[in-house]
Amino acid sequence: MTKYFVAIAGNIGVGKSTLTTLMSKKLGWDPFFEAVEENPYLVDFYKDMTRWSFQSQAFFLSRRLQQHHQLLLRGDSVLQDRSIYEDAEIFARNLYKQGNMSQREWNTYYDLYTILS
């Protein structure tokens, strides 16, 4: 049996979780969702992105790396709501480019991402 790893990408609120749920039911694959509610920095991040972007992104990176590792160890196909690659290459990078993450924070974050992924 072929093992598939499918990640659903997209902006906040576009229906990634809904699509993941529907597709997982249709395909009989286990769904894995983003750890949004678990992020202890998210409320602070939305109040002050410049102050909390690094911490919030570091939290998401650590959780997604844990999840990614678990998914790689599985023997069956899975559907994932958001991937580790999206965080680093889109969200964290854009926070840096928009001035919400300093050069030092971006370098530290991206070094961690590169080494751990």
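Predicted model: local features only at pLDDT ≥ 70, side-chain atom pairs only at ≥ 80, totals over all residues.

Biologist: Why is Arg82 called buried?

Modeller: The cut-off for buried is under 20% relative accessible area. Arg82 comes out at 2%, and therefore counts as buried. Arg82 lies in the loop between β3 and α4 (84-97).

Biologist: What is the phi of Arg82?

Modeller: Arg82 has a positive phi of about 80 degrees, although it is not a glycine.

Biologist: How do you know that the span of α4 is close to the expected one?

Modeller: Helix α4 has 14 residues, and at 1.5 Å a residue 20 Å is expected. From the first C-alpha to the last, α4 reaches 19 Å, which is close to that value.

Biologist: Which residues of α4 are buried, and against what do they pack?

Modeller: Ile84, Glu86, Asp87, Ala88, Ala92 and Leu95 are buried. The buried residues of α4 pack against β1, α2 (42-47), α3 and α5 (103-116).

Biologist: Why are α3 and α5 called roughly parallel?

Modeller: Two packed helices are described by the angle between their axes and the distance between the axes. For α3 and α5 the angle is about 5 degrees and the axes are 11 Å apart. Angles under 35 degrees count as roughly parallel, and α3 and α5 are therefore given that label. On the α3 side, the contact is made by Phe54, Gln57, Ala58, Leu61 and Leu65, and on the α5 side by Glu105, Thr108, Tyr109, Leu112, Tyr113 and Leu116. By class, these are eight nonpolar, two polar and one charged residues.

Biologist: What makes β1 and β2 the edge strands of the sheet?

Modeller: The open sheet has three strands in the order β1-β3-β2, with parallel pairing. Strands β1 (5-8) and β2 (30-32) each pair on one side only, and that is what an edge strand does here. The twist averages 20 degrees from one strand to the next.

Biologist: How do you know that β1 and β3 pair?

Modeller: Pairing requires at least two bridges. Between β1 and β3 (residues 78-81) there are four bridges, in the parallel sense, and Val6 stands opposite Leu79 in β3.

Biologist: Where does helix α3 pack, and what angle does it make with β3?

Modeller: Helix α3 (residues 49-73) packs on the sheet, touching β1, β2 and β3, and its direction makes about 170 degrees with that of β3.

Definitions and conventions. Residues numbered from 1 in each chain as written. Heavy atoms only, no water. Helix = DSSP H or I, 4+ residues; strand = E, 2+ residues; numbered from the N terminus. Axes fitted to C-alpha atoms, helices over the stretch in contact; angles between N-to-C directions. Contact = heavy atoms within 4.5 Å. Buried < 20%, exposed > 50% of the residue type's maximum accessible area, 1.4 Å probe, protein only. Expected span 1.5 Å × (residues − 1). Parallel < 35°, antiparallel > 145°, perpendicular 65-115°, else oblique. Nonpolar A, V, L, I, M, F, W, Y, C, P; charged D, E, K, R; others polar.
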